[in-house]
Amino acid sequence: MTSPGPAPRLGPRGHGEVKRTRKSTASTATLEPLDKGLALHSSASAELPTLRRQKGASAASLVREKVYEECFVEIQDSHNLPNSVPGNVNAVGKGPMKNEKRSRSESRSDLQRQMSGLEPQWIKDKKPLSRDWRVAAARAVEDRALRQRKQVSISLSQGDLEVKEQDGRALPRQGTAAFQAPQRELTAYEKVCFENRLLPKFMTRVKDAVSGPVLDLCSCGLGDDQLVAVFADSELVPWPQIRRWRLRDARMRDRGAQHLAKILKAVEALDLTKNEIGFVGARSLADALEDKSFEQLRRLDLSANILNDDAASCLASALKNCDGLLRLDLQHNYLQDGQHLGELIAGHSQLTRISLRRNRITGPGMAALFRGILENVRNGGQLADVDVAWNPMASDGLPAAKAMAQVFQESATLYHCDLSYCQLDFAACAALGEGLRDNHSL
């Protein structure tokens with residue numbers, strides 16, 4: 001009994017067995033013979049080297065492939081190459097070729113092998129030699145050696161090193177009696193650094209910072225130790241000639257401020273913003289301002305320090321002697337009372353700008369400050385800009401607002417007053433509006 005055969009394979013719709021066959025796609029077209037020297041242009045021309053840049057290909061290879069494609073016909077005619085195109089195209093006059101499956105890379109490599117040695121001369125001239133950069137580097141080293149002031153000749157016969165000058169005389173070697181190391185006298189800055197075990201690394205920076213009557217050491221980050229060493233050298237920093245001191249963000253503390261106060265003379269502008277000067281440093285500066293004549297002082301900037309009311313009191317009493325002061329900046333500190341600053345403003349007729357932004361001055365302190373400003377206005381002062389923004393006056397701002405309103409009514413020189421973010425309530429704002437009704441200068 002015969003066993004049944006395998007079950008028939010069903011198609012996707014259940015209709016019998018599916019047989020996968022490959023149809024022959026061989027072309028039966030024949031090529032007519034062409035004249036010698038002409039290239040065939042057919043679909044097989046897509047296998048010619050193209051200008052599509054492959055991974056790892058360079059620009060020079062693209063140029064060569066372009067030249068190969070343009071000069072293919074001329075090279076065939078001039079060098080008697082077989083009239084064939086890479087691909088499955090039949091050669092002219094040779095009968096049909098065998099069906100060969102040649103990839104694009106193989107056809108390109110065959111074409112490059114045929115073209116080797118047949119490149120134009122301008123392409124050969126453009127090819128860099130592999131040793132050109134080495135030769136150029138060697139020549140550069142030789143030129144640099146020739147430009148040196150002294151020539152060094154090394155003799156390894158005896159195992160020592162002999163240095164000769166340009167005229168041929170031998171220089172003494174280190175460790176011999178004739179050798180003397182170059183010596184110079186240390187500067188005062190270097191001596192102080194060596195005594196305090198510091199590295200004198202800011203000498204060039206300080207020399208560049210001095211420009212006539214200006215010393216600009218902003219954002220250098222010296223610190224107190226380096227500042228003390230710098231201030232000790234009168235040749236490095238000619239402090240008797242410095243009129244404008246710019247020491248913003250120099251990491252100065254009380255010790256640095258004390259040494260600075262000792263060397264200040266005839267100062268016009270003193271910028272000590274963004275440091276860490278407290279009560280001790282402010283008191284030293286105040287003592288210097290009282291003892292010495294600072295009639296030429298025009299600007300004092302102590303913003304962004306750690307000054308409190310005691311420090312402000314010392315500075316206010318000392319600045320009364322500075323009749324030429326035009327601008328006082330004490331913003332970003334820890335001031336709470338404006339009584340002492342109000343007394344300073346009341347008796348200072350030349351002051352034009354005061355900035356107390358971002359402090360902790362409350363309502364009573366602000367009222368005392370503006371009473372001093374009112375007295376300045378009545379005495380014929382020149383105060384034109386007052387910045388008291390970002391001070392908390394929420395609970396007791398009405399007395400301060402009434403004092404401000406009186407200043408607004410009587411002042412004819414005040415053109416700017418910043419009261420931003422002072423937390424004034426409705427009653428305080430109403431009082432300010434009454435004062436601004438007849439004001440025409442703000």
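This is a predicted model: local features need pLDDT of at least 70, side-chain atom pairs count only at pLDDT 80 or more; totals for chains, interfaces and linings use all residues.
## Overall fold

The protein chain has 442 residues, and 36% of them count as buried. Its secondary structure comprises 15 helices and 11 strands.

Among contacts with a separation of 6 or more, 75% join residues 24 or more positions apart. The chain exposes about 28100 Å². Carbon and sulfur atoms supply 49% of that area.

## Cavities

Three cavities reach 30 Å³ or more.

## Helix H12

Helix H12 spans residues 339-346. Its buried residues are Leu-341, Gly-342, Leu-344, Ile-345 and Ala-346.

Several elements cover these residues. They include helix H11 (309-319) and helix H13 (363-378). Strands E8 (327-329) and E9 (353-355) also contribute to the cover. In general, an α-helix has 3.6 residues a turn, so residues three or four places apart point the same way.

## Salt bridges

The structure holds 13 salt bridges. Side chains of opposite charge can pair when their charged atoms come close.

Glu-276 and Arg-253 form one of them, with N to O at 2.8 Å. Glu-276 sits in the loop between strand E6 (269-271) and helix H10 (279-291), and Arg-253 in the loop between strand E5 (244-246) and helix H9 (254-263), so the pair ties together parts 23 residues apart in sequence. Both ends are partly exposed: Glu-276 has a relative accessible area of 39%, and Arg-253 has 47%.

Asp-418 has a relative accessible area of 15% and is buried. Arg-357, at 23%, is partly exposed. The cut-off for buried is under 20%.

## A helix-to-helix bridge and a network

Arg-378 pairs with Glu-410, and their closest N and O atoms are 3.0 Å apart. Arg-378 is in helix H13 and Glu-410 in helix H14 (residues 398-410), so the bridge ties together parts 32 residues apart in sequence. Arg-378 counts as exposed, at 53% relative accessibility. Glu-410 counts as partly exposed, at 37%.

Other charged residues form a network. Salt bridges with shared partners join Arg-299, Asp-301, Arg-327, Asp-329, Arg-353 and Asp-385.

Conventions
Residues are numbered from 1 along each chain as its sequence is written. Side-chain values use heavy atoms; hydrogens and water are left out. Helices (H or I, at least four residues) and strands (E, at least two) are DSSP runs, numbered from the N terminus. Buried means under 20% relative accessible area, exposed over 50%, partly exposed in between (1.4 Å probe, protein chains only). Contact means heavy atoms within 4.5 Å. Accessible areas come from the Shrake-Rupley method with a 1.4 Å probe; for residues, only the protein chains shown count as cover. On a 1 Å grid over the protein atoms alone, a cavity is a set of points where a 1.4 Å probe fits but cannot get out, and a pocket is an open set with protein on both sides within 12 Å along at least five of seven lines; lining residues have an atom within 4 Å of a point. Grid points are joined across faces, edges and corners, and a volume is the space filled by probe spheres set on the points. A salt bridge is a side-chain nitrogen of Lys or Arg within 4 Å of a carboxyl oxygen of Asp or Glu.
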